[in-house]
Amino acid sequence: MSINQDKEFTEKIIHIRRVAKVTKGGKNFHFTALVVIGNMKGKVGSGLGKSNEVPDAIRKAIEKAKKNLIEINMNGR
């Protein structure tokens, strides 16, 4: 992926969720991030990333959203 293509898309974080798994030793937390990207010209993608840290979850969600792009018809708007 080229640098120009990375700057082509705008990213919007829709939701970040903290998930707790209760184990014998206590609560283990991890995070999920839902991100939508688009280029304002008809291409849109969404992705869900999961990780133990918030920045890693956001990065993974953006990578998945770039792989999941679809084309949308823009009727004058």
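Strands β1 and β2 run antiparallel and are joined by 13 bridges; helices (H or I, at least four residues) and strands (E, at least two) are DSSP runs numbered from the N terminus, and two strands pair if DSSP finds at least two bridges between them. The model is predicted, with local features needing pLDDT of at least 70, side-chain atom pairs counting only at pLDDT 80 or more, and totals for chains, interfaces and linings using all residues. Residues are numbered from 1 along each chain as its sequence is written, and side-chain values use heavy atoms, with hydrogens and water left out.

In β2, V36 is the bridge partner of K12. The open sheet has four strands in the order β1-β2-β3-β4, with antiparallel pairing. Its edge strands, β1 (10-23) and β4 (69-71), each pair on one side only.

Helix α2 packs on the sheet and touches β1, β2, β3 and β4, and its direction makes about 145 degrees with that of β3 (axes are lines fitted to C-alpha atoms, for helices over the stretch in contact, and angles run from 0 to 180 degrees between N-to-C directions). The buried residues of α2 include A57, I58, A61, I62 and A65, where buried means under 20% relative accessible area, exposed over 50%, and partly exposed in between (1.4 Å probe, protein chains only).

T32 is found in strand β2 and is buried, with a relative accessible area of 13%. Leaving aside neighbours within four places in sequence, T32 is in contact (heavy atoms within 4.5 Å) with H15, I16, R17, L48, G49 and K50. M40 lies in the loop between β2 (26-38) and β3 (43-51). M40 counts as exposed because its relative accessibility is 67%.
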